Amino acid sequence: MALSHTNTPEIIPDHGMLDSGTLINLADQYKTPLYVYDGDQILENFKAFQKAVSNLESKVHFAVKANSSVAILSLLSTAGAGADIVSGGELQRALNANINPDKIIFSGVGKTDNELLLAMHHGVGQINIESGAELDRIAALAASNNFECSIALRINVDVDPGSHEKISTGQNSTKFGIALTNGQAESYYERISSYPNLTPSGLAVHIGSQLTNLAPFETAYNELVGFAEHLRGKGFAVPYLDLGGGFGIDYEGITHPDFTKYGKMVERIFKNKGFKLGFEPGRSIVGNCGNLVTKVIYVKQGIDKRFVIIDAAMNDLIRPTLYDAFHRIDSLTERGGDTGNADIVGPICETGDYLARNRHMPFVEAGDYLAVRSVGAYGAVMMSNYNTRPEASEVLCYEGMVHLIRPRRTIEDLIKMEINPFL
Ligand SMILES: *Cc1c(COP(=O)(O)O)cnc(C)c1O
C-alpha cells in the first residue's frame, strides 16, 4: 500500500489503530527516524478530558509545550481546545493554528518584555504571573502601551507531586509560583487591582508532570480553593481557578488515559463553590498517541552486553537520557526468538545516548523497524541537531489519511544559517 502526502491523501485501512503494517509502510515511504501520530486518538483523549470535567463550568487549554505541532494544535482547536503557552514562539504557533487569542493562557517564570507585549497586543485571555517583579513589569508595559490584561497569580502550594525531580514544580524549592506561606500571594493579588490596566482573574496552580497518583492534585486543589475563598472573604473577586496539567500516562502499556476519577475528584472539591475552572493537560492528551519508528543499523555483541544500534538517537527523543524515562519499544517485524537483554542505542557519540537499557528484546536484525511507544508528548518538541543530525520527520494519521506535518530538513538546511567569516 502506498501512502502519500496531504495533497494526495490515501486511505489507511484500520485507521485509528496504527498497526505494525501501517507503521512499516510509513517508515518505508518517509524514511526513519519518523514520528507517527494517531490524530483520531488525540481528539478522543481531548474529548474524554472535556467530558470528565463537564459537570463544572470549565475550559480546557492544551499545554502546547507537550507537542507544539501546528497541525496537531489545529486539530485540537476543532474540538474547542484553547492553548496554554510558555513563550512567544508558542503564542505564534497557537495563532497559526487558528486558536482564538481569548482562549490562550500565557504561563512561565521568565516572560520577556517582547513576549508580554506580543501577548497583550494579540489580546490573550489571561497571563499567569509568577513573581512580584513580573507583576510590576507587566503593569508598566500595559500602562505605557495602553493594553488591558487579565492577570492570574500562579501560586506555589508546596506540594511534592511524587514525580521525577526535573518535572516537579509544586515545591517551594522550585522556581515556580508565588508562595502562600509568607503573605506574598495575598499582597500581590491586592496589588493587581491597584493597577488600572490590569484585572485580577484568579489563581493558577500546576504542581508537576507525569503524576500517577491523585493525592498530590487533591492536596494542591484543596490549598488552592482554601486560599481563593480566603481572598473572597477579604472582598476580592476571584472568578477563575486554573488547575494546571500533570495527569500522568501509562508508559508500560499502550492504554489511553481514563480521566473519570480525576474529574470526580475535581467535582468533589469545586462543586457549588462558584469558580470557573481551567485545565491545562498536555502529556495526557498526546503522550500515548505517538510512535517513533526507527531502523536497526547494527546489532553489536559487546563483552558482556548486546547493543541494538538504531537510527534514532537522543537528539530525536531525549526523555530516557534526561528523565530516566521508560518507553516501551516493540519490533515491527516478528521473527520469533529473542535477543536477550540489550541496550537500545543511537549513533550519537555520548554514552548517554540510549533509548532503553537492559531491555529484553525479541530477536532483531539490521534493517528491522522498531516502534518506540508513547512519544507523543515531550518527544519531537525536544529534538535537536546534535551531531548535525536533521530532526526526525513527523506524520499525522487522521480519519484514514496520512499527513506529512514536518518534512525532514536537509543537512544543507541545517548549515545554511551559519556565517563563516573566513571564507
Ligand atoms: C507543562 C505544563 C502543563 C502541562 O503539563 P502535562 O504534564 O503535560 O499535562 C500545564 N501547565 C503548565 C503551567 C505547565 O508548565
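Mentor: Let us begin with Asn-358, which counts as partly exposed because its relative accessibility of 49% falls between the limits of 20% for buried and 50% for exposed. Please bear in mind that this is a predicted model. Asn-358 belongs to strand 15, which covers residues 354-362. Its backbone deserves attention: phi is positive, about 45°, although the residue is not a glycine. Most residues other than glycine have a negative phi, and most peptide bonds are trans.

Glu-399 is not a glycine either, yet its phi is positive, at about 45°. Glu-399 sits in the loop that links strand 17 (393-398) with strand 18 (401-406). The other place concerns the peptide bond itself: Thr-32 and Pro-33 are joined in the cis form, with omega about -5°. Pro-33 is located in the loop between helix 1 (20-30) and strand 1 (34-38).

From these local features we may turn to the pairing of strands. Strand 2 (residues 58-63) runs parallel to strand 10 (residues 276-279), and three bridges join them. Within strand 10, Phe-279 is the residue opposite Val-60. Strand 2 is also joined by three bridges to strand 3 (residues 82-85), again in parallel. Here Ala-63 has Asp-84 of strand 3 as its bridge partner. Between strand 2 and strand 3 the chain passes through helix 3 (residues 70-78), forming a right-handed β-α-β crossover.

The largest nonpolar core contains 103 residues, and Ile-127, Leu-203 and Tyr-221 have the most contacts inside it. Helix 8 (residues 215-233) supplies the largest share of this core, namely eight residues. Both domain 1 (14-37 + 287-409) and domain 2 (39-286) contribute at least three residues each to the core. Apart from this core there is another, of 14 residues, including Leu-18, Tyr-30, Val-293 and Ala-371.

Setting aside neighbours within four places in sequence, its contacts include Phe-106, Leu-116, Met-120, Ile-138 and Cys-149. Lys-111 and Ser-150 are likewise among the residues in contact with Ile-127.

Terms used: Residues are numbered from 1 along each chain as its sequence is written. This is a predicted model: local features need pLDDT of at least 70, side-chain atom pairs count only at pLDDT 80 or more; totals for chains, interfaces and linings use all residues. Side-chain values use heavy atoms; hydrogens and water are left out. A nonpolar core is a set of buried Ala, Val, Leu, Ile, Met, Phe, Trp, Tyr and Cys residues joined through side-chain atoms within 4.5 Å. Buried means under 20% relative accessible area, exposed over 50%, partly exposed in between (1.4 Å probe, protein chains only). Helices (H or I, at least four residues) and strands (E, at least two) are DSSP runs, numbered from the N terminus. Domain bounds come from an automatic or database domain assignment. Contact means heavy atoms within 4.5 Å. Two strands pair if DSSP finds at least two bridges between them. A crossover is right-handed if, with the strands pointing away from the viewer, the path from the first strand over the helix to the second runs clockwise.
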